[in-house]
Amino acid sequence: MDPVTSAAGGYAIDKLIGVGEGLVRKYVIEPWTRKRAVEFYRKFCEALLAKNAEAAELEELLDKLLSDEARAQVVFDAYRSVCLSKSKIIGPRIIAVLVAGIIQRDGIASETEELLLAAAEQLSDAELLAFLAELKKHPQPNKLGITEITMDECHVDSNQPSGQLNLSAGSLTHRFGLWAERLRSLGFISESVHEDTFQYEADFERHVDMSGSVRVISWKIRFHDPSMRLADLIEQVSAV
C-alpha cells in the first residue's frame, strides 16, 4: 500500500472513531452522567438544608464546608462514584445523604459509611430494592444488629444408614440474586455452616430401640448491622 492510500485510510478510521466518540458522548455519557448528578445534587442540598431554604443560605454553607480540603475531597470522591454508579437514582441519593452527613461532621467517613458508599455505587436500583424486599421478609435483628436466616438444614442420625450428605450451601446468587454476592464481598452478609449434636435415649414406648445421637447441620446467612443501615437509607431516599 502506497503512503498516500495508507494515510487516507488512517484519516478515515480516525474520522469514524471521532464520530463514534461524539455520538457515545451525546447519547450515553452526557445524559446518563447528568441524570445521576442531578439526583445526587438535589438530595445533597436537601440533606444540608431545609427544603424551603434560600439559595444564599446554601451557598454560604457550602462555601464554609468546602473551603476545607478534606471535606472537598470527600465530595469529589462522591461525585466520581456517582458518575460511575450502577444505580441511576437510589445509589446517587444514598451517596448524597451520607456525604452531607460526613462533611457536616468532620469530613472523615467511618468504616460503615465507606461500606455503604461502596454498596450504593456497585448495586443497581433493582438490586437495592431486591435486597430491601428480602430483608423485610425476615425477623428483626438481634441485640448485635444481626439478622440470621437458616437457609438449609439436614439431620444425620447415628442409628440410621448414612447416605451422602446433601447441604445446598454456597450459592447466594442462586438463592437471592447477584446483589447478595456483591454485598457478601463487601461484608454486609456472611455465611457459615453450623453443626449441633443432640443425644437421645432408647424409648420402647415411642419405638426408639436404642440410644443414639443426631447431628443437625445447617447453612446460615447473616445480615450484619450495616445491612440494616443500608435498608433504612434505601427506604428513606426511595420515598421521595
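Helix axes are taken here as lines fitted to C-alpha atoms over the stretch in contact, and the angle between two of them runs from 0 to 180 degrees between N-to-C directions. In this predicted model, helix H6 (residues 125-136) packs against helix H8 (residues 178-186) at an angle of about 85 degrees, and the two axes are 9 Å apart. Angles of 65 to 115 degrees count as roughly perpendicular, and H6 and H8 are therefore roughly perpendicular to each other. On the H6 side the contact is made by Glu-127, Ala-130, Phe-131 and Glu-134, and on the H8 side by Leu-178, Trp-179, Arg-182 and Leu-183. By class, the residues of this contact comprise 5 nonpolar and 3 charged, with no polar ones.

The two helices belong to a protein whose secondary structure comes to 9 helices and 3 strands. Read from the N terminus, the order of elements is α-α-α-α-α-α-β-α-α-β-β-α. The protein has 240 residues, of which 35% count as buried. Among contacts between residues at least 6 apart in sequence, 73% join residues at least 24 apart.

Within H2, Leu-58, Leu-61, Leu-62 and Leu-65 are buried. These four leucines cover an arc of only 100 degrees around the axis, so they lie on the same side of H2. The face turned away from that buried side carries Ala-56, Glu-59, Glu-60, Asp-63 and Lys-64, which are exposed.

A further leucine, Leu-84, is found in helix H3 (residues 69-84). Is this residue buried or exposed? Its relative accessibility is 62%, and exposed means over 50%, so Leu-84 counts as exposed. In sequence Leu-84 and Gln-122 are 38 residues apart, while in space their C-alpha atoms are 8.7 Å apart.

Phe-198 lies in strand E2 (residues 189-200). Which residues does Phe-198 contact, leaving aside its neighbours within four places in sequence? They are Gly-212, Ser-213, Val-214 and Val-216. Val-216 is 18 residues from Phe-198 along the chain, and the C-alpha atoms of the two are separated by 7.9 Å.

How values were computed. Residues numbered from 1 in each chain as written. Predicted model: local features only at pLDDT ≥ 70, side-chain atom pairs only at ≥ 80, totals over all residues. Heavy atoms only, no water. Contact = heavy atoms within 4.5 Å. Parallel < 35°, antiparallel > 145°, perpendicular 65-115°, else oblique. Nonpolar A, V, L, I, M, F, W, Y, C, P; charged D, E, K, R; others polar. Buried < 20%, exposed > 50% of the residue type's maximum accessible area, 1.4 Å probe, protein only. Arc of directions from axis to C-beta.
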